[in-house]
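Trainee: Could we go through some of the labels used for this model, and could you show me for each one how the value leads to the word?

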Amino acid sequence: MKHIDSPRLKYTLFKKQDVTFYKALVMDAEVMRFISGDPLTEEAASTRFEKALALSKLLPGSGYYLANNGDYKIGFCKIQLFQKGELEIGFVVATKFQGKGFASEMVQGMLEYIDANLKNYKVLALVDMNNKGSIHVLEKSGFVYEETKKHNGFISGFYVLPVKS
């Protein structure tokens with residue numbers, strides 16, 4: 001199975017020792033303002049991290065991936081089964097690394113990985129419609145807006161990657 005790869009970042013499936021970095025991101029109000037609106041509590045962050053670790057067992061190749069550039073942990077991205085025949089991607093970049101192209105690089109890396117390893121899935125991303133930066137990243141990567149609807153208690157924009165013909 002091909003690994004996620006991109007020019008400046010290396011990706012590894014989450015391991016238990018990544019919990020501190022994960023918590024730092026999801027408990028950061030600036031990072032979470034467009035994800036859930038509020039930072040997670042320590043308890044909620046721990047629970048979500050355990051779910052993230054378990055995710056990679058549901059579909060080979062899926063999971064949460066730590067993204068680092070060798071010197072720093074930049075953020076994380078995810079590939080997960082959404083519904084039958086659908087994969088959801090997502091990405092989170094630490095505040096000090098936002099606006100430097102890392103989100104775009106993560107999305108491109110995930111899409112190349114999916115194309116090589118997880119074909120025949122519809123690929124989608126859910127985004128807060130006020131998150132103009134993430135919407136720009138998705139559209140630049142070829143995603144198109146499909147609809148806005150409630151999912152897991154949040155109103156999200158559903159962006160889909162058109163099937164290559």
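Trainee: What makes serine 104 count as buried?

Mentor: The relative accessibility of serine 104 is 14%, and a residue is called buried under 20% relative accessible area, exposed over 50% and partly exposed in between, with a 1.4 Å probe and protein chains only, so serine 104 counts as buried. Keep in mind that this is a predicted model, in which local features need pLDDT of at least 70 and side-chain atom pairs count only at pLDDT 80 or more, whereas totals for chains, interfaces and linings use all residues. Residues are numbered from 1 along each chain as its sequence is written, and side-chain values use heavy atoms, with hydrogens and water left out.

Trainee: Where does serine 104 lie, and which residues does serine 104 touch?

Mentor: Serine 104 belongs to helix H4, residues 102–117, where helices (H or I, at least four residues) and strands (E, at least two) are DSSP runs numbered from the N terminus. Not counting residues up to four places away in sequence, serine 104 touches Val137 and Lys140, a contact being heavy atoms within 4.5 Å.

Trainee: How many helices and strands does the chain have?

Mentor: There are 5 helices and 7 strands, and from the N terminus they run β-α-α-α-β-β-β-α-β-α-β-β.

Trainee: How do you know what a compact globule of 165 residues would have as its radius of gyration?

Mentor: The rule, applied to C-alpha atoms, is 2.2 Å times the number of residues to the power 0.38; for 165 residues this gives a value near 15 Å, and because the chain has 15 Å, the two agree. The C-alpha trace spans about 45 × 35 × 30 Å along its principal axes, and buried residues make up 46% of the chain.

Trainee: Why is tyrosine 121 called partly exposed, and which residues does tyrosine 121 touch?

Mentor: Its relative accessible area is 28%, so tyrosine 121 is partly exposed rather than buried or exposed. Tyrosine 121 sits in the loop between H4 and strand E5 (122–127), and, with residues up to four places away in sequence not counted, it touches Leu59, Leu81, Gly85, Glu86 and Leu87.

Trainee: What makes glutamate 86 and leucine 87 count as buried?

Mentor: Glutamate 86 has 14% relative accessibility and therefore counts as buried, and leucine 87 counts as buried at 0%. Glutamate 86 lies in strand E4, and leucine 87 is found in strand E4 as well. Leaving aside neighbours within four places in sequence, glutamate 86 is in contact with Gln80, Leu81, Tyr121, Lys122 and Leu124, while the contacts of leucine 87 include Leu59, Ile79, Phe82, Ile114, Tyr121 and Leu124. For leucine 87 and leucine 124, which are 37 residues apart along the chain, the C-alpha atoms are separated by 6.2 Å.

Trainee: How many aromatic pairs does the structure hold, and why is the pair of tyrosine 22 and phenylalanine 49 called tilted?

Mentor: The structure holds 12 aromatic pairs. Rings of Phe, Tyr and Trp (its six-membered ring) pair if their centres lie within 6.5 Å, and planes under 30 degrees apart count as stacked, over 60 as edge-to-face and the rest as tilted. Tyrosine 22 and phenylalanine 49 are 5.4 Å apart centre to centre, with 50° between the planes, so the pair is tilted. This pair links distant parts of the chain, with tyrosine 22 in helix H1 (residues 19–26) and phenylalanine 49 in helix H3 (residues 42–55), 27 residues apart. Tyrosine 22 counts as buried at 4% relative accessibility, and phenylalanine 49 is buried with a relative accessible area of 1%.

Trainee: What makes the pair of phenylalanine 82 and phenylalanine 158 edge-to-face?

Mentor: The ring centres of phenylalanine 82 and phenylalanine 158 are 6.1 Å apart and the planes are at 70°, so the pair is edge-to-face. Phenylalanine 82 lies in the loop between strand E3 (73–81) and strand E4 (86–93) and phenylalanine 158 in strand E7 (residues 154–160), so the pair ties together parts that are 76 residues apart in sequence. Both phenylalanine 82 and phenylalanine 158 are buried.

Trainee: Which residues form one aromatic cluster, and which residues are buried in H1?

Mentor: The cluster is made of Phe14, Tyr22, Phe49, Tyr64 and Phe76. In H1 the buried residues are Phe21, Tyr22, Lys23, Leu25 and Val26, and the buried residues of H1 pack against helix H2 (29–32), H3, strand E2 (63–68), E3 and E4.
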